[in-house]
Amino acid sequence: MTRIGFSTGALALGDFQMGLNLVRGKQINAIELSALRVHELPELMTALPNLDLKQFSYIAIHAPSQFSADQEDSLVMQLADAPHRYPIILHPDTIHDSTKWAAFGAQLVIENMDRRKRDGRTARELSAWFDRLPSARLCFDLAHAQQYDPTMTEAFQILAHFGSKICQVHISELDSASHHFPLSYSALQAFAEVAWDIPKSAAFIIESRISPEQIEAEFEKVCNLIADCEPIPA
């Protein structure tokens, strides 16, 4: 069965415990523990050994999305305590010194970026990062790829060059200001053009900012897109 779940940051911004509570007992088998701000990471890493995560067959950690060069060593040291089986999602434009991240090997997962960012948006830009970090894998963000190139041509290019590196997919929709929101029919149609070529082993993490009442509906949209998992029972 395909692994599908949510980012805790999408369900409860800045509160991973609340995000976990919102999906407990549901037929959701993947989770991304979000620490998108530097100050959120110490609390997550301290709590991590005692979190009840047995519901999930896939668990990832999203590193802070912005940090200074002076903060990089501390973040690397904190994330090094994560279990090796937990992928660490990292925005390439945040990296100041790639050599500091090399020791993570395949645990490190580089995410393609949206059009606001200066790097990591295209297959060519990602190639430079995988040259520096050849063991790293890819988090393929469908919304970022669509926003950068609505024709999805760049998405096809990323898949053609790095499809074998994909271990996780981010799925949501972006508005003009790059805010995540629930998936529309048109976004799902665009994503369906490339979804067939995503490795079956990849976990799908929903990043849509939604209310607790929308969790089931958003999950079912992704289930229908992938077409090989069961919806959450009513």
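The largest pocket in this predicted model has a volume of about 520 Å³. Its lining counts 22 residues. Leu36, Ser65, Arg116, Ser178 and His180 are the closest to its centre. Two elements give two or more residues to this lining: helix H1 (8-11) and strand S2 (30-34). What kinds of residue make up the lining of the largest pocket? It divides into 11 polar, eight charged and three nonpolar residues.

The second largest pocket holds about 150 Å³ of space. It is lined by 13 residues, and Arg3, Ser57, Tyr58, Arg85 and Pro87 are the closest to its centre. Here the elements that give two or more residues are strand S3 (58-62) and strand S7 (166-171). The lining of this second pocket has eight nonpolar residues, two polar and three charged.

Rolling a probe the size of a water molecule over the atoms shows where empty space is left. A search of the whole structure turns up one cavity of 30 Å³ or more. The volume of the largest cavity is about 30 Å³. Which residues line the largest cavity? They are Thr8, Gly9, Ala12, Leu13, Gly14, Asp15 and Phe16, together with Ser34, Leu36, Arg37 and Glu40. Four of these lining residues are nonpolar, four are polar and three are charged. Leu36 lines the cavity, and Leu36 is also among the residues closest to the centre of the largest pocket.

| Space | Volume | Lining residues by class |
|---|---|---|
| Largest pocket | about 520 Å³ | three nonpolar, 11 polar, eight charged |
| Second largest pocket | about 150 Å³ | eight nonpolar, two polar, three charged |
| Largest cavity | about 30 Å³ | four nonpolar, four polar, three charged |

Now to helix packing. Two packed helices are described by the angle between their axes and the distance between the axes. Helix H5 covers residues 123-132, and helix H7 covers residues 153-162. Their axes lie 9 Å apart, and the packing angle is about 30°. Angles under 35 degrees count as roughly parallel, so H5 and H7 are roughly parallel to each other. Which residues meet where H5 packs on H7? From H5 come Ala123, Leu126, Ser127 and Phe130. From H7 come Glu154, Gln157, Ile158, His161 and Phe162. This contact brings together five nonpolar residues, three polar and one charged.

Key: Residues are numbered from 1 along each chain as its sequence is written. This is a predicted model: local features need pLDDT of at least 70, side-chain atom pairs count only at pLDDT 80 or more; totals for chains, interfaces and linings use all residues. Side-chain values use heavy atoms; hydrogens and water are left out. On a 1 Å grid over the protein atoms alone, a cavity is a set of points where a 1.4 Å probe fits but cannot get out, and a pocket is an open set with protein on both sides within 12 Å along at least five of seven lines; lining residues have an atom within 4 Å of a point. Grid points are joined across faces, edges and corners, and a volume is the space filled by probe spheres set on the points. Ala, Val, Leu, Ile, Met, Phe, Trp, Tyr, Cys and Pro count as nonpolar, Asp, Glu, Lys and Arg as charged, and the others, Gly among them, as polar. Axes are lines fitted to C-alpha atoms, for helices over the stretch in contact, and angles run from 0 to 180 degrees between N-to-C directions. Helices (H or I, at least four residues) and strands (E, at least two) are DSSP runs, numbered from the N terminus. Angles under 35 degrees count as roughly parallel, over 145 as roughly antiparallel, 65 to 115 as roughly perpendicular and the rest as oblique. Contact means heavy atoms within 4.5 Å.
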